[in-house]
There are 2 protein chains.
Amino acid sequence: MANEKRGKQSFILETPPVITNWASVAGKKEAEGPLGKSFDITQSDSYFGQKSWELAEKRMQQMALETLAKKSAIAMKEFGLVFSGDLLNQCIGSSFTLRNTGVPHIGLYGACSTMAESLLMASMAVGGNFSDRVVALTSSHFASSERQYRFPLGYGGQRTPTAQWTVTGSGAALVCKSGKGPKITACTIGTVTDLGIKDANNMGAAMAPAALSTIRAHFEDLGCKPDDFDLIVTGDLGQLGKDVLLTLAQKEGLSLGGKLTDCGTLVFDVTKQDVHSGGSGCGCSAITLCGYLLNKLNSGKLKRILFCGTGALLSPTSSQQGLPVPGVCHAVSIVGG
Amino acid sequence: MANEKRGKQSFILETPPVITNWASVAGKKEAEGPLGKSFDITQSDSYFGQKSWELAEKRMQQMALETLAKKSAIAMKEFGLVFSGDLLNQCIGSSFTLRNTGVPHIGLYGACSTMAESLLMASMAVGGNFSDRVVALTSSHFASSERQYRFPLGYGGQRTPTAQWTVTGSGAALVCKSGKGPKITACTIGTVTDLGIKDANNMGAAMAPAALSTIRAHFEDLGCKPDDFDLIVTGDLGQLGKDVLLTLAQKEGLSLGGKLTDCGTLVFDVTKQDVHSGGSGCGCSAITLCGYLLNKLNSGKLKRILFCGTGALLSPTSSQQGLPVPGVCHAVSIVGG
């Protein structure tokens, strides 16, 4: 059986690429959260020793890449290709991380879906025999996001009840043709879906329809069902978005109840950490996958998950011009190593 | 012979994917330039009937996609996958174009290299059997770029002699497993290269080292030489960047002289159109490829080109923080149909 397109949005991999290693870097609030002990590196300095939050974000990506190389017992320059992107304007976190490393780089933009998007692309590059030792990488930073998308932190703006807290963290995963570790068996590419939500502070609700669309497409295209998975993990819908997704799914006769969880509700304790609806940002699903889920898959505690990165494809300009918030969701089916 | 990674940065395609159709949309200045008659649609209204320049850019992408579907005699929803990105913050030109079309979408960020980057990714998706009828798409708009990267147009800022003029245009190419048309035989993925240029108004010089690095890698990885091509076409180095590239290449003993041209110097008449060093932007190489070069390849007037999209990976924030301008270049080898 060769690689094969299945249905409208999905493909299966002839020889499932292997996630041989993974690495995560996180900030103080994330270290204090329920998954705090899962991360390779945590730092309480929000600047990560740098002069700006943007450079701090770049530094986190570098640390994740360096840690990944170390865990993989190879030099950084031996990576075959890096797929990465982030939320900073023009994705400078990613570009500056790869600068003068000599490692081939494809820049992605998928907002908070980037961990799943980069993993999906890495599985294409490895599965199609175009490269090997391919890295999927992304990051986000609470402070760089706040000042770019919302207000200067010093302004002390009130957060709405539906708001989420951008995760400070970076995750990296190494995808190879062979080796030991969790395997990527199939992927579903998302469509840009939008039911007209215009509130940029309610991104969970804006992304929920995209998550449902992709999860449903995955089941239809590949003939599987929620019970085939231990977990269906969305990226960063938060508590509210997760509830919206469950309601929308139920309306369509799809029961996700027992299987659905969300990285935004895993990474923070939403009842105690003052994060309102939960975590968000590219780093949210990145550190949850590369710090927690892959460990569980590797140790056999999870057998098969559907990792569904969710992204809100807005910009401050689109919001100021009164446009809605389109969402996207890419899904990667991962089986334990 | 299967798909195969060659050298550090390149891959060859077992069954070269075919560019079966292409479409281009351009603005007034582009219509007045040397390639004016090559474009499918040109409009003198810089708003393309929309309320903002950002929406105008989205409209151009839509028009390019619609024209591509029409030329391909299929409905838009029959596209298998769209790889696209643009220069607008958070790539809203691309996201809003794909919104609610039901077409799977992977968002890219490669600055002005996006036409080559998306074509390269499309050839992976088709060549690896992951999808079919895959679109490579991008755009840029002079007015949306100026106000985002530089100054409000009404401010009337002076342009430096090394400045380039962002092309208003969108290009789309359809890549299929089979059919008639130019074929993609091999690709080289760029590395982020930077010799320390910090002048955001001299992007040609900032991108030239990346172009040289990728062109050299293509030759080394695949055992070919400049004489194997009718043209080596860089994306948007402009007059000055092209000269820098020739000088850098000569220093390394690589003679590109007779073969090198640049979309930024093809799309505008640099002596008459007041564009200083030439054209730039994702749209520059996009409309030159999808409006001019692919026509020449299809009619047999060109037999083989190396299409080298170049991108300057800066943001206003990175420039304001005193950081240099890293460049990237992705190369796609295309043979006549």
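Start by selecting A:Ala64: with 32 C-beta neighbours inside 10 Å, this residue counts as buried, since 20 or more is the cut-off for that label. Keep in mind while you look around that this is a predicted model.

Colour the helix around it next. A:Ala64 sits in helix 2 of chain A, which covers residues 53-71. Now show what packs against A:Ala64. Leaving aside residues up to four places away in sequence, A:Ala64 touches A:Ala23, A:Ser24 and A:Val25, then A:Leu137, and finally A:Ser170, A:Gly171 and A:Ala172.

For a sense of scale, draw a distance from A:Ala64 to A:Phe229. Their C-alpha atoms are 28 Å apart, and 165 residues separate the two in sequence.

Zoom out to the whole of chain A. Along the principal axes, its C-alpha atoms fill a box of roughly 55 × 50 × 35 Å. Colour by burial and 65% of the 337 residues of chain A come up as buried.

Select 17-176 for domain 1 and 183-335 for domain 2. Their C-alpha centres lie 18 Å apart. Where they touch, domain 1 of chain A puts in 47 residues and domain 2 of chain A puts in 52.

Stay on the domain 1 side of that contact. Elements of chain A that each supply at least two residues there include strand 3 (18-26), strand 7 (134-140), helix 5 (142-149) and strand 9 (169-176). Which element gives the largest share? Highlight helix 4 of chain A, which brings seven residues; its range is 114-127. Colour this side of domain 1 by residue class and you get 23 nonpolar, 19 polar and five charged residues.

Last stop: bring chain B into view. Rotating by 180° with 0.0 Å of shift along the axis superposes chain B on chain A, at an RMSD of 0.0 Å. That is the relation of a two-fold axis. Select the interface residues on both chains to finish: 100% of those in chain B are also interface residues in chain A, so the copies meet through the same surface.

Technical notes: Residues are numbered from 1 along each chain as its sequence is written. Chains are lettered from A and ligands numbered from 1 in the order in which they are written. This is a predicted model: local features need pLDDT of at least 70, side-chain atom pairs count only at pLDDT 80 or more; totals for chains, interfaces and linings use all residues. A residue is buried if 20 or more other C-beta atoms lie within 10 Å of its own, exposed if 12 or fewer, and partly exposed in between; C-beta atoms are placed from the backbone. Copies are superposed by least squares on the C-alpha atoms of residues with pLDDT of at least 70 in both. Two residues are in contact if their C-beta atoms, placed from the backbone, lie within 7 Å. Helices (H or I, at least four residues) and strands (E, at least two) are DSSP runs, numbered from the N terminus. Domain bounds come from an automatic or database domain assignment. Ala, Val, Leu, Ile, Met, Phe, Trp, Tyr, Cys and Pro count as nonpolar, Asp, Glu, Lys and Arg as charged, and the others, Gly among them, as polar.
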